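Open the model in your viewer and keep the selection panel at hand. The stops below say what to select and what is there.

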Amino acid sequence: KSYITMIVKQIFESKSILNENINPVATIIYQCQYWFRKNENECSVSLRDVRRCLRLIKFFYEKSAYQFYKKLNFNENEKMINATILEVFLCYFCRLGLNEKRKELIDHLKNELRLITNCWKKFEDFDQCVKNEQNAYLSMMELPRGIAKNSQLLEIVFAMIISIIK
């Protein structure tokens, strides 16, 4: 965990990231890695994932489509929480096919966050945060008539767009 914390500090030291956000971000990434090693396969995650996560957090922190589309002014803490949620979704959550496993991972992260901070309560809105961002991207697209905006479409389009952009 200390190595992940060091990487987080290194990546965000030049940004105006509040110091109080470094530990929760490092904890979330560490706990995702821990959960995957314990519940999936110890080889299913690596330190490369940590760097990938941090690149995505930085991207979403600076360029959230939902904030842009809705013209919202999130404070620094809210921006970091949203960016971290979206990173968890793309780097870890999407790897899990079964909804039960996805729920287990998110419940695990929520429990760990409750132990270290109470200022990250918005993490409880994991599903809504992801859905807001997905809908923001989809609303900028023209869908053919008859295409349903179901959760599978939202997830696939969102992952593809971010893969192309990033």
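Predicted model: local features only at pLDDT ≥ 70, side-chain atom pairs only at ≥ 80, totals over all residues.

**Stop 1: the core**

Begin by selecting Ile29, Leu54, Phe60, Tyr92 and Phe126. Within the largest nonpolar core, which has 53 residues, these five touch the most other members. Next, colour the helices that contribute two or more residues to this core: helix 1 (2-12), helix 2 (22-39), helix 3 (47-62), helix 4 (65-70), helix 5 (76-91), helix 6 (99-116), helix 7 (126-139) and helix 8 (151-165). Which of these gives the most to the core? Helix 5 does, with nine residues.

**Stop 2: helix 5**

Select residues 76-91, the range of helix 5. Of its 16 residues, 14 are buried, so helix 5 is largely enclosed by the rest of the structure. A distance between the end C-alpha atoms is a quick check on its geometry: they are 22 Å apart, in agreement with the 22 Å that 16 residues should span at 1.5 Å a residue.

**Stop 3: Phe126**

Return to Phe126, one of the core residues with the most contacts to other members. Show its neighbours, ignoring those up to four places away in sequence. Phe126 then touches Ile85, Val88, Phe89, Phe93 and Ile106.

**Stop 4: Thr27**

Move to helix 2 and select Thr27. Is this residue buried or exposed? Thr27 has a relative accessibility of 2%, and because the limit for buried is under 20%, Thr27 counts as buried. With neighbours within four places in sequence set aside, Thr27 is in contact with Lys1 and Ile116.

**Stop 5**

Switch to a surface view and select Tyr3, Met6 and Leu47. Together they make a nonpolar surface patch of about 300 Å². Met6 belongs to helix 1 and is partly exposed, its relative accessible area being 46%.

**Stop 5: salt bridges**

Now show the charged side chains.

Select Glu155 and Arg102, which form a salt bridge with their closest N and O atoms 2.8 Å apart. Glu155 sits in helix 8 and Arg102 in helix 6, so this pair ties together parts that are 53 residues apart in sequence. Arg102 counts as buried, at 10% relative accessibility.

Stay in helix 6 for Lys103 and Asp107, whose positions four residues apart put about one helical turn between them. Their side chains meet in a salt bridge with an N to O distance of 2.7 Å. Lys103 counts as exposed at 52% relative accessibility, while Asp107 is partly exposed, with a relative accessible area of 30%.

Zoom in on Arg52 and Asp49, where the closest N and O atoms of the salt bridge are 2.4 Å apart. Both residues lie in helix 3, three residues apart, or about one turn of the helix.

Notes
Residues numbered from 1 in each chain as written. Heavy atoms only, no water. Core = buried A, V, L, I, M, F, W, Y, C linked by side-chain atoms within 4.5 Å. Buried < 20%, exposed > 50% of the residue type's maximum accessible area, 1.4 Å probe, protein only. Contact = heavy atoms within 4.5 Å. Expected span 1.5 Å × (residues − 1). Patch = residues over 30% accessible without salt bridge, like charges linked within 9 Å, V, L, I, M, F, W, Y side chains within 5 Å. Areas by Shrake-Rupley, 256 points an atom, 1.4 Å probe, with all protein chains shown as cover. Salt bridge = Lys/Arg side-chain N within 4 Å of Asp/Glu carboxyl O.
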